Amino acid sequence: MLPYGRQSINDADIAAVQEVLSGDWLTTGPYVESFEKQIGELAGVAEPAVSVTSGTAALHVAYAAAEVGPGDEVITTPLTFLATATTAALLGAKIVFADISEDTGNLDPEAAAAEVTASTKVIAGVDYGGHPIDAPALSKVAKDAGAYLLEDAAHSVGGSLDGVPVGSLADITTFSFFPTKNLTTGEGGAVVAKDADVVERARRFKGIGMVREPEQLRTTDEGAWWYEMPELGLNYRLNDLQAALGTSQLTRLAQFKARRQEITDRYNEGLAGIKQLRLPAHRDGAEPVWHLYPLRITDGRRRELFDHLRGQGIGVQVNYIPVYWQPYYADLGYKRGMCPTAEAYYEQEISLPMFPDLTDGDVDRVVELIRSFCGA
Ligand SMILES: *Cc1c(COP(=O)(O)O)cnc(C)c1O
């Protein structure tokens, strides 16, 4: 089966991990520190990134750092992976789903604005497929609401909008380094933020809520072993094995991005002009990193196409089932039909194989299968 996504690991990646194994620090060591610095630089923020164990952990940490709690509302898109909403719900927030823009599949600023209340604490967009959110418009909505703009950039590390890197577009940005994403640490993720206090709270939350610096302690005369826990937290530490892999992967991120663009261009060319197909939108000023190739088929035959391609050994996916369709949300009274544009997008969407080591021959084979399925 040709997968829809997979990691690209080379000898340098393997050597980087081996080096950590024979060193002194398996975790909390120098590789973590340097990886955090490099992710911060890539994101264009002043503070180093806060590295964590997954993209899900990054979202949990980000909402905790935004001080999301019971009584707060988080506005987000239904066209995302579960974790964008779950992690805020776990902190006690009410999740409010707003519809998407029809072209990119990203959170629609006007739909988000319509859901703002006095309790809105965070507006969380997702760079669907790797295409950045409409950050200028969403920032304005968030600012007017007195809320944070959070960008779930699990798909888009290395991207930019109007020359501004993903990581500097929103107040808080989260990344995932899962193997199918644009760079990998096995499992892993990171949070970056513009505000130093947000970064500080994120770092504390992922470190079990502990502080040791003298100026942060309530009791200062107990001894050098003393630490305190002003707030609750968890252990979400990325380790040095992962950080070394991530650092090695970062040296190829530009290559990965370029290859993903080439594959997108090849699909676009091969599938152009077929009337029942809609190809991924690419807005002016956006420099996506194509994590997905989200094709839409508008003739009602998405399921047939999916089964046909799977039957031919092509590992297609559907991204995503509208989050509020999940039993958890249905049981809370969320109704189908709430976000019709996202539901229509879901009904038509099929993600084609997309990863840097995919060959032109693989792309052509997928294109041919789809063309003949469509009678083109
Ligand atoms: C992958 C993903 C996550 C979660 O990341 P993990 O590293 O798998 O925990 C969150 N949001 C989106 C949009 C994702 O695609």
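User: To start with, what share of the 376 residues of the protein chain count as buried?
Analyst: Of the 376 residues, 55% count as buried, and please keep in mind throughout that this is a predicted model.

User: And how many helices and strands does the protein chain have?
Analyst: The protein chain has 13 helices, and its strands also come to 13.

User: What radius of gyration does the chain have, and what would a compact globule have?
Analyst: The radius of gyration of the protein chain is 21 Å, which agrees with the value near 21 Å that a compact globule with 376 residues would have. Taken along the principal axes, the box filled by the C-alpha atoms is roughly 80 × 50 × 35 Å.

User: What part of the contacts comes from residues 24 or more positions apart?
Analyst: Counting contacts with a separation of 6 or more, residues 24 or more positions apart account for 70% of them.

User: Switching to the surface, how much of it belongs to carbon and sulfur atoms?
Analyst: The accessible surface comes to about 16100 Å², and 52% of that belongs to carbon and sulfur atoms.

User: How many positive and negative side chains are there?
Analyst: There are 32 positive and 52 negative side chains in the protein chain, and the centres of these two sets lie 5 Å apart.

User: Why does Lys 181 count as buried, and which residues does it touch?
Analyst: Lys 181 counts as buried because its relative accessible area is 17%, while buried means under 20%. Leaving aside residues up to four places away in sequence, Lys 181 touches Ala 154, His 155, Ser 176, Arg 260 and His 291.

User: Where is Arg 204, and is it buried or exposed?
Analyst: Arg 204 has its place in helix α7 (residues 196–206), and with a relative accessibility of 17% Arg 204 counts as buried. Among the residues that Arg 204 touches, not counting those up to four places away in sequence, are Gly 209, Pro 230 and Glu 231.

User: Last one: what about Thr 86, and how far is it from Ala 272?
Analyst: Thr 86 lies in helix α4 (residues 83–90) and is partly exposed, with a relative accessible area of 33%. From C-alpha to C-alpha, Thr 86 and Ala 272 are 37 Å apart in space, and they are 186 residues apart in sequence.

Conventions:
Residues numbered from 1 in each chain as written. Heavy atoms only, no water. Helix = DSSP H or I, 4+ residues; strand = E, 2+ residues; numbered from the N terminus. Rg over C-alpha atoms; globule rule 2.2 N^0.38 Å. Buried < 20%, exposed > 50% of the residue type's maximum accessible area, 1.4 Å probe, protein only. Contact = heavy atoms within 4.5 Å. Areas by Shrake-Rupley, 256 points an atom, 1.4 Å probe, with all protein chains shown as cover. Lys, Arg positive; Asp, Glu negative; His and termini not counted. Charge placed at Lys NZ, Arg CZ, Asp CG, Glu CD.
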